[in-house]
Amino acid sequence: QQCSGLLGNMMKDVCVDVKIEPSLLPVKPNEYSRKTTTDDGARLDISACGLRSTFERSYFDIRVTHPHAASNVTLTLKQLYTRDEKEKKDKYEERVIESEKGSFSPMVFLTTGGTGPEATAVLKRLAEMVANKRSEKYSHVITHIRTRVRFAILRSILIAIRGVRGSIYKERTLGASSFNLIPQHSHYDV
């Protein structure tokens with residue numbers, strides 16, 4: 001929930017009609033493969049228009065996994081990303097393409113800070129769009145986005161371990177963010 005809120009708010013700066021936890025249209029179970037979820041209350045984490053192309057709606061579902069869990073220790077990172085992305089695609093991709101007429105990207109993150117191939121592509125595209133819109137350096141924007149995603153994952157882990165204490169953290173939009181924390185000077189006064 002921390003990651004979907006963060007990424008959804010970031011997408012609102014450059015995309016149109018961003019929704020966090022959008023419901024999927026109801027479907028008939030016999031029209032889809034056995035692995036595809038056909039529940040009436042099915043939801044994905046984020047949907048947005050304009051990330052891939054101007055009028056295309058893209059759907060995203062986020063998974064945060066721990067590579068050192070007992071079920072994952074025998075897998076390489078590449079195998080772990082592939083397995084988790086495939087599970088999400090098997091569950092939602094067919095339904096999103098056929099029913100919602102959009103594209104689907106599973107976003108896999110590791111608790112150790114790693115990012116799956118599809119999530120990396122989405123973050124790069126988001127950073128490119130933000131950098132172009134705000135006339136910022138791409139390298140500063142992608143670093144800022146990756147750092148905020150990692151802190152959102154860390155907050156989620158802490159909440160899972162300790163529970164919620166005190167007030168709930170609210171994400172800021174990118175509008176209030178400075179991407180380059182080091183001032184750029186052509187010379188320094190001595």
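The following dialogue explains how several terms apply to this predicted model.

Modeller: In this predicted model, local features need pLDDT of at least 70 and side-chain atom pairs count only at pLDDT 80 or more, while totals for chains, interfaces and linings use all residues. Residues are numbered from 1 along each chain as its sequence is written, and side-chain values use heavy atoms, leaving out hydrogens and water.

Biologist: What makes helix α1 mostly covered?

Modeller: Ten of the eleven residues of α1 (residues 2-12) are buried, including L6, L7 and M10. Helices (H or I, at least four residues) and strands (E, at least two) are DSSP runs, numbered from the N terminus.

Biologist: What makes the contact between D84 and R63 a salt bridge?

Modeller: The term requires a side-chain nitrogen of Lys or Arg within 4 Å of a carboxyl oxygen of Asp or Glu. For D84 and R63 the N to O distance is 3.2 Å, and their side chains meet in a salt bridge. D84 lies in helix α2 (residues 77-100) and R63 in strand β3, so the pair ties together parts that are 21 residues apart in sequence. D84, at 1% relative accessibility, counts as buried, whereas R63, at 23%, counts as partly exposed.

Biologist: Which residues are linked with D84 in a network of salt bridges?

Modeller: The network links D84 with R63, R83 and E87. Within it, R83 and D84 meet at 3.1 Å, N to O.

Biologist: How do you know that R125 and E128 are separated by about one helical turn?

Modeller: They are three residues apart in helix α3, which means a separation of about one helical turn.

Biologist: What is meant by the largest nonpolar core?

Modeller: A nonpolar core is a set of buried Ala, Val, Leu, Ile, Met, Phe, Trp, Tyr and Cys residues joined through side-chain atoms within 4.5 Å. The largest has 29 residues, with L7, M11 and L51 among those having the most contacts inside it. The largest share of this core, eight residues, comes from α3.

Definitions and conventions: Buried < 20%, exposed > 50% of the residue type's maximum accessible area, 1.4 Å probe, protein only.
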